Amino acid sequence: MNTFVVANPHKCIGCKACEIACAVAHLDNSVATAGALEAPFLPRLNLVRTPMVTMPIQCRQCDDAPCANVCPVNAITHQEDKIIVNTDKCIGCKTCMIACPLGAMDMVPELENCQPVYQEGLQLNIEGQPVKEKIVAHKCDLCVGREGGPACVEVCPASAFVIVKPADMKKAIKNRRAASAAEVACIKKAN
Amino acid sequence: MSATVVGIVQIDKELCTGCRRCAEVCPVDAIKGEKGEPQTIDTEKCCYCGQCVQVCSAYASIFDEEIAPREQKIAERGLLDSVKEPLFAAYNIGHNREVKKGLADASLFKMVQCAPAVRVAIAEEFGLKLGSLTPGKMAAALRRLGFDRVYDTNFTADLTIMEEGSELIERVTQNGTLPMFTSCCPAWVKYVEQEYPELIPHLSSCKSPQQMAGALFKTYGAKIDNVEPAKVFSVSVMPCTCKKFECDRPELTDSGFKDVDYVITTRELAQLIKDAGIDFKNLPEEDFDKPLGTYTGAGTIFGVTGGVMEAALRTGYELITKEAIPDVKLDFVRGGEGVRKATVKVGDLDLRVAVVSGLKNVRPLMEQVKAGTADFHFMEVMTCPVGCVSGGGQPKVLLPKLKETAYKNRACSTYTHDDNLPLRKSHDNPDVQKLYDEFLVKPLGHESHHLLHTTYTPRR
């Protein structure tokens, strides 16, 4: 079973600090201040604000991943306990975006050292200049390889995030089953 | 008050998510609004310290199609079109468009001053380590931008010590109003004017170093270069958003003109340098111009909390005792957010001082002063948590955990700069001495009084 990160909407204050931490954690080079950043933030989770609720939404690392199932070029693979997009393979067809039941997939310009990568082979104008930016699928990778784990969890001032690991889930389910059994037993006794 | 002054710090309604973290850091409860709704700023209360600008993490996402275009926001904020960084909900109005226009005007003689805290932070905007110390590269960059004279606020920080130190001695020896409050931090001054107008007489009558420099640029500075004062274009680079408010105060025109024409922040200077295509990282180290760019270690430590106090004590001690101070390093006034008190033996006098950083911490002391129970002679107040190094106009550190490192490194670089300067006491600054000999005559004298001192405005 895959690990995933989820936020508690009752705790979230909607500050977007998670989005910034996510975007910064995925930069090629370390950027400490806003002014040093030459490109827009490209977070892999997205704060949703409605009159009812505020919470960030990110990939649930589905075990039978719909995005991977529909990818025509096998750019989405299972690695250890997470679902990863291989941007080198991605053709930006957006099928995964449609397939994702959570809306956790985005399409973003591919960047190298804060500079956009241009698409080879596509002529945008008559001079044949390669001016079309390459767009690729973009999703939460649980900050793979980052010391300290997912950056969003670490930065949240409201401690709204939880990392859900298979072991935690199994334990929670076991407890829930025990509670259900106890409840049923109580009902029987009362009758 | 001009229209630009009223809204120097603003919150973009389209971007604000209503997390209210800005309200938490606001020292004067000027930020109003419901949780989850866009906030507004009460400009009567706002001290323009810009701590909300530093804390805000709600930004304009490229995925958000329902907001005004980036170009429009850039124009509304007074930013240069070339600015690439993300736009946040809380921001300050920029003045680079006006500065760029002035720099391109061949009929103007351009003079610039830089506050002490700018040189320990500007390099961060070019990817250098947090708190890198780069006074020489900054001077070189300003020269390449087209300034005719690259002067320094540190010079007038030294001058402030001469005036403020003399004022303190006069107040202590002649039963003047005590405790005396420092007047360098414009957000603190506005706070006194609106929250404790009855305590205005406690404020030192000294202008801030920025405004002293402004007044000198269009008088003494113009004379040195034999230029018309009306042709002097006076720009200052500050770590502070409230300095923009200060420079627009109608009373600060003692040179006969607006003493400081425009203030840009550390972040704005970085944007201006990038806009001009200057390779900051590889610039050579250059000196500031003389005489209004000569400074001592005492001038540079104005950038950290306790710095004004330490600089004043270094000079005050020697003026009173006529002896050299045993050690220029006065650790007891150094530190971070909070209140520190100390007693300093100055000859026969036990001088009691208080240092406050973080405007939130000042109220209990103000109540004591009001009640007449304050047991100290001199109080330094800095609005921002670690003094100017953590000012609202400083580079915005993206991750909260790096903020502490940034502030620590910036403060550390400030003290290193002081340690390594040949002169460490304001009264040893040869160009300050020369200024008195040639122009001002003496501290608290007629000309000093006219150019370097001011009055305040009760706002209640």
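A residue counts as buried here when its relative accessible area is under 20%. Keep that cut-off in mind as we walk through this predicted model, beginning with a strand in chain B.

Strand S5 of chain B, residues 109–114, is mostly covered: 6 of its 6 residues fall under the cut-off and are buried. In a regular strand, side chains alternate between the two faces of the sheet. Here Phe109(B), Met111(B) and Gln113(B) point one way, while Lys110(B), Val112(B) and Cys114(B) point the other way, and all of them are buried.

What lies beside this strand? S5(B) belongs to an open sheet of 4 strands, with the order S6-S5-S8-S9 in chain B and parallel pairing. S6 and S9 (262–265) of chain B stand at the edges; each has a single partner strand, so one side of each is left without a neighbour in the sheet. S5(B) is joined to S8 (residues 232–238) of chain B by 6 bridges, the two strands running parallel. It is joined to S6 (residues 149–150) of chain B by 2 bridges, again in parallel. Val112(B) is a handy landmark for both pairings: its bridge partner in S8(B) is Val235(B), and in S6(B) it stands opposite Val150(B). Moving on to the next pair, S8(B) and S9(B) are parallel and share 4 bridges, with Ser236(B) opposite Val263(B) in S9(B).

To follow the chain from S5(B) to S6(B), look for helix H6 (residues 135–145) of chain B: the three elements make a right-handed β-α-β unit. H6 also turns up in the packing of another helix, H15 of chain B, whose buried residues pack against H3 (51–55), H6, H12 (297–300) and H13 (307–321) of chain B. H15(B) itself covers residues 400–420, which makes 21 residues, and spans 31 Å from its first C-alpha to its last, close to the 30 Å expected at 1.5 Å a residue. Among its buried residues are Ala406(B), Tyr407(B), Arg410(B), Tyr415(B) and His417(B).

Leaving aside residues up to four places away in sequence, Trp188(B) touches Phe181(B), Thr182(B), Leu203(B), Leu359(B), Val362(B), Met366(B), Met379(B), Val381(B) and Thr383(B).

The size of an interface is often given as the accessible area lost when the parts come together. Chain B and chain A bury about 2500 Å² between them, with 64% of it on carbon and sulfur atoms. Tyr59(B), Phe63(B) and Leu398(B) supply 27% of the area that chain B buries against chain A, more than any other three residues. The contact takes in 31 residues from chain B and 31 residues from chain A.

The peptide bond from Leu178(B) to Pro179(B) is cis, with omega near -5 degrees, and Pro179(B) sits in the loop between H7 (153–173) and S7 of chain B. Another cis peptide bond joins Lys290(B) and Pro291(B), with omega about 0 degrees; Pro291(B) lies in the loop between H11 (266–275) and H12 of chain B.

Positive phi values are worth a look too. Asp29(B) is not a glycine, yet its phi is positive at about 50 degrees; it lies in the loop between H2 (21–25) and S2 (31–32) of chain B. In chain A, Asn74(A) has phi near 55 degrees, a positive value in a residue other than glycine, and its place is in the loop between H2 (66–70) and S4 (76–79) of chain A. Is Asn74(A) buried or exposed? Its relative accessibility is 52%, so Asn74(A) counts as exposed.

How values were computed:
Residues numbered from 1 in each chain as written. Chains lettered and ligands numbered in written order. Predicted model: local features only at pLDDT ≥ 70, side-chain atom pairs only at ≥ 80, totals over all residues. Heavy atoms only, no water. Buried < 20%, exposed > 50% of the residue type's maximum accessible area, 1.4 Å probe, protein only. Pairing = 2+ DSSP bridges. Right-handed = clockwise from strand over helix to strand, strands pointing away. Expected span 1.5 Å × (residues − 1). Contact = heavy atoms within 4.5 Å. Buried area = accessible area lost by both parts, 1.4 Å probe.
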